Amino acid sequence: MATNPLHDDDGAFLENFLESLLAAANHGDDYALPWIRRIHQHGVTKQLARDLNSRLSQWPITAYFSFDAESTDFVPKYRLPKNPPDLGMDFIIAFHIARLLADGRLDDLKRCEECRNYHVRGPLAKWCSDGCGSGKRQRDKRKRDRERQMML
Ligand SMILES: [Zn+2]
């Protein structure tokens, strides 16, 4: 795990993190599941923000005032200390969950109607995978076929 959580700040990293986070939650992981369950059940509440912030506030950032050549003005800037402490999983998870929420990547968080896994496959998706969707459709078809048989 990177010591500087900002060092991977591109969309691909966040997308992979989201995938791992959901997979971990779906396996009952102690770090991932409580956050995912809360966000799924209650959305982003003030209490959720407070709980995220209680982790995020452990991050030591140095703020300083510096001349910026681009804007040709003095602007506030931030940097990590030279030897940032290892803040551990609790912090890392909260930090990236905050980024996912800010990016709207958890807006479509749902549970699969077939296997109950959490997923973010889009606002209309009922299932976590094509496999779960076709399993459900096959069962429905068999049920319809049985009902049709009984009516004959
Ligand atoms: Zn599923």
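Ten residues of domain 1 are in contact with seven residues of domain 2 in this predicted model, where two residues count as in contact if their C-beta atoms, placed from the backbone, lie within 7 Å. Helices α1 (11-26) and α2 (32-42) are the elements that give two or more residues to the side of domain 1 that touches domain 2. The largest share of that side, four residues, is supplied by α1. Domain 1 comprises 1-58 + 88-107 and domain 2 comprises 108-152, with bounds from an automatic or database domain assignment. Their C-alpha centres are 28 Å apart.

Strands β1 (residues 62-68) and β2 (residues 73-79) pair in the antiparallel sense over seven bridges, pairing being assigned if DSSP finds at least two bridges between two strands. Helices (H or I, at least four residues) and strands (E, at least two) are DSSP runs, numbered from the N terminus. Ser66 has Val75 in β2 as its bridge partner. The two strands form a hairpin with four residues between them, and Thr72 in the turn has a positive phi of about 45°. Of the seven residues of β2, the number buried is zero, so this strand lies largely in the open; a residue is buried if 20 or more other C-beta atoms, placed from the backbone, lie within 10 Å of its own, exposed if 12 or fewer, and partly exposed in between.

Residues are numbered from 1 along each chain as its sequence is written. For this predicted model, local features need pLDDT of at least 70 and side-chain atom pairs count only at pLDDT 80 or more, whereas totals for chains, interfaces and linings use all residues.
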